[in-house]
Amino acid sequence: MMRTDPFRELDRLAQQLMAPGTWSKPSAMAMDAYREGDEYVVAFDLPGVSADAIDIDVERNMLTVKAERRPVAKADDVQMELSERPLGVFSRQIVLADTLDTEHIQADYDAGVLTLRIPIAERAKPRKISIGGGSGRKEISG
C-alpha cells in the first residue's frame with residue numbers, strides 16, 4: 001500500500017513558481033542518504049547540471065554541496081514558448097557525524113546524480129577488546 005502526501009505536489013509547484021536560486025539564497029535539492037557497509041552514501045539529484053558547475057566543500061563536520069543550472073545558450077532567433085525547468089543555484093548542507101572520515105570522501109557524478117561515499121572512521125568501527133588474565137585467583141578474607 002502506498003501512502004500519499006497531498007501537500008507534496010503543492011510543495012513542488014510552489015518551488016517551481018518561486019524565483020530561481022541565487023548564490024546568496026539557493027534553492028534546496030533532493031537527496032537520499034543511507035549506510036552501505038562501512039560507508040555512508042549521499043545521493044543528490046542534479047539533472048541538467050554540468051559537473052564543473054558543482055561545488056563540494058567540507059569544513060569540520062559540515063558538508064556543503066552547491067550546484068548551478070545555467071540556461072542553455074540560445075541563438076538570437078529563438079523564442080521561448082515554455083520554460084518549466086528551474087534554473088539558478090541549488091544547495092544543501094549536512095552535518096556529518098564525528099564517526100565519519102571526511103578526509104576520504106569520494107564523489108561521482110553520473111546521469112544527473114551526484115553520489116558521495118563517506119567512509120566510517122576506523123576509530124568508530126566495532127572492535128574486540130581482549131581481556132587480560134590475572135596471575136591467579138585472589139581470595140578475599142574478612
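Biologist: Which residue in E8 stands opposite Ala107?
Modeller: Leu116 in E8 is the residue that stands opposite Ala107. Helices (H or I, at least four residues) and strands (E, at least two) are DSSP runs that are numbered from the N terminus. This is a predicted model, in which local features need pLDDT of at least 70 and side-chain atom pairs count only at pLDDT 80 or more, while totals for chains, interfaces and linings use all residues. Residues are numbered from 1 along each chain as its sequence is written, and side-chain values use heavy atoms, with hydrogens and water left out.

Biologist: OK, and over how many bridges do E7 and E8 pair?
Modeller: Strand E7, residues 106-110, pairs with E8 in the antiparallel sense over 5 bridges, where two strands pair if DSSP finds at least two bridges between them. In general, strands of a sheet pair through backbone hydrogen bonds, either parallel or antiparallel.

Biologist: What sits between the strands in the hairpin of E7 and E8?
Modeller: There are 2 residues between the strands of that hairpin, and Ala111 takes a positive phi near 55° there. Ala111 has this positive phi although it is not a glycine, and its place is in the loop between E7 and E8.

Biologist: Is Ala111 buried or exposed?
Modeller: Ala111 is exposed, with a relative accessible area of 74%; buried means under 20% relative accessible area, exposed over 50%, and partly exposed in between, using a 1.4 Å probe and protein chains only.

Biologist: Which other strand pairs with E8 in the antiparallel sense over 7 bridges?
Modeller: That is strand E3, residues 39-45, which pairs with E8 in the antiparallel sense over 7 bridges, and within this pairing Ala43 stands opposite Thr115 in E8.

Biologist: Switching topic, what is the strand order in the open sheet of 4 strands?
Modeller: The order is E1-E6-E5-E4, and the pairing is mixed. Strand E1 (27-28) and strand E4 (54-59) are the edge strands, each pairing on one side only. Strand E5, residues 62-69, and strand E6, residues 88-95, pair in the antiparallel sense over 8 bridges, with Ala67 standing opposite Phe90 in E6.

Biologist: What does the side chain of Thr64 make a polar contact with?
Modeller: The side chain of Thr64 makes a polar contact with the side chain of Gln93, at 3.0 Å. A polar contact is a pair of N or O atoms within 3.5 Å; within protein, one must be able to donate a hydrogen and the other to accept it, and residues adjacent in sequence count only if both atoms are side-chain atoms. Thr64 lies in strand E5 and is buried, with a relative accessible area of 14%.

Biologist: And what about Val58, which residues is it in contact with?
Modeller: Leaving aside its neighbours within four places in sequence, Val58 is in contact with Leu63, Thr102 and Ile105, where contact means heavy atoms within 4.5 Å. Val58 is found in strand E4 and is partly exposed, with a relative accessible area of 31%.

Biologist: Where is Arg60 found?
Modeller: Arg60 is found in the loop between E4 and E5, where it counts as exposed at 77% relative accessibility. Arg60 also has a positive phi of about 55° although it is not a glycine.

Biologist: How many residues has the largest nonpolar core?
Modeller: The largest nonpolar core has 18 residues, and those with the most contacts inside it are Phe44, Leu46, Ile54, Val65 and Leu114. Elements E3, E5, E6 and E8 each give two or more residues to this core. A nonpolar core is a set of buried Ala, Val, Leu, Ile, Met, Phe, Trp, Tyr and Cys residues joined through side-chain atoms within 4.5 Å.

Biologist: Which residues is Val65 in contact with?
Modeller: Leaving aside neighbours within four places in sequence, the residues in contact with Val65 include Met29, Phe44, Ile54, Phe90, Leu114 and Leu116.

Biologist: Last one, how many helices and strands does the protein chain come to?
Modeller: The protein chain comes to 1 helix and 8 strands, and from the N terminus on the elements run α-β-β-β-β-β-β-β-β. Buried residues make up 21% of the 142 residues.
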